[in-house]
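Visitor: Hi! Could you walk me through this structure?
Guide: Happy to, here it is.

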Amino acid sequence: MAYSRTNNSTRATIDRSELYGSGTFKYVYAGTYTAGARKGQPCVAKEFKSGCVVEDHYFDEEMNICAKSQEIIDEFNEVGIMNQEVYLNTPEIWEYNGRRSPQKGQKVLIEPMIQNFEKFNSNSGWALSEPTGWAAALQSLSHFSYDNSGGQLLLCDLQGGIYNDGFVLTDPVIMSRAQNCGPADLGMDGIMSFFQRHRCNGFCDASWRKPPVLGKAKIRMHQGTTMQAYLPTRSSRTPLTVPGRRFR
Ligand SMILES: [Zn+2]
């Protein structure tokens, strides 16, 4: 079963006159569903900050990370560590189509709004210092993801809202040994930073694996999402260095 919270709607109006929120990668605007099962309920529209040039790639990557995160969350629920379930807000790629809208044709991620939004850990190892309840359970979800993947990845940047019968996550980050899960994937350095600061709690299982942690964390810890800085490689251009020659 997929523990996902979906739009279940076909249309919404978005108020772009005012920013509702802003993450490292995206601007968030508030709106309301106007057709479908969630008609009248609030939603959010997320737009990439990078502009439209590279957008298709960003959208594909976002949906891949979402699908992978969903698998981890479903497996965590199936193990039955919690007596309530964790759900993942599942965005869909919609397009603005207001007749006179300057955004007409522009892609946007739409998902249901989360009430009582809170952040519980980041991709640089930040977490509440003495987590209890859901905050502790979510640290354990991160640890579970590492063990359950055979030490290949870590689900983190866990944020969302507590409801009376479960928790809804949005926009998690996956950090992977292969470092192939988008710009917030800090690879093994990020995974090690999590474990350097992670203290197992009552929801963690003593048998879950941990990487051998040595020395100081390489990633500076903060609550926001840390992003890799890189320039895209242009393979058609001549390299600056050639084997056996000095840098030129
Ligand atoms: Zn743990």
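Predicted model: local features only at pLDDT ≥ 70, side-chain atom pairs only at ≥ 80, totals over all residues.

Visitor: OK! What volume does the largest pocket have?
Guide: About 760 Å³. A pocket is an open set of points on a 1 Å grid over the protein atoms alone, where a 1.4 Å probe fits, with protein on both sides within 12 Å along at least five of seven lines. The volume is the space filled by probe spheres set on the points, which are joined across faces, edges and corners.

Visitor: Which residues are closest to its centre?
Guide: Of the 36 lining residues, those are G23, K26, K46, Q159 and D171. Lining means having an atom within 4 Å of a point.

Visitor: And which element gives the most to that lining?
Guide: That is α1, with five residues. Helices (H or I, at least four residues) and strands (E, at least two) are DSSP runs, numbered from the N terminus.

Visitor: What about the classes in the lining of the largest pocket?
Guide: There are 18 nonpolar, ten polar and eight charged residues. Ala, Val, Leu, Ile, Met, Phe, Trp, Tyr, Cys and Pro count as nonpolar, Asp, Glu, Lys and Arg as charged, and the others, Gly among them, as polar.

Visitor: How much space lies in the second largest pocket?
Guide: About 280 Å³. Its lining has 14 residues, and A12, I14, E95, Y96 and N97 are the closest to its centre. β2 provides the largest share of that lining, five residues.

Visitor: Switching to helices, how far apart are the end C-alpha atoms of α1?
Guide: They are 36 Å apart, which agrees with the span that its 25 residues should have at 1.5 Å a residue. The expected span is 1.5 Å times one less than the number of residues. Just after α1, G80 takes a positive phi of about 75°.

Visitor: At what angle do α1 and α2 cross?
Guide: Their axes cross at roughly 105° and come within 10 Å. Axes are lines fitted to C-alpha atoms, for helices over the stretch in contact, and angles run from 0 to 180 degrees between N-to-C directions. α1 and α2 are therefore roughly perpendicular (65 to 115 degrees).

Visitor: Which residues meet there?
Guide: I72, I73, E75, F76 and V79 in α1 meet A137, S140, L141, F144, S145 and N148 in α2. Contact means heavy atoms within 4.5 Å.

Key
Residues numbered from 1 in each chain as written. Heavy atoms only, no water. Parallel < 35°, antiparallel > 145°, perpendicular 65-115°, else oblique.
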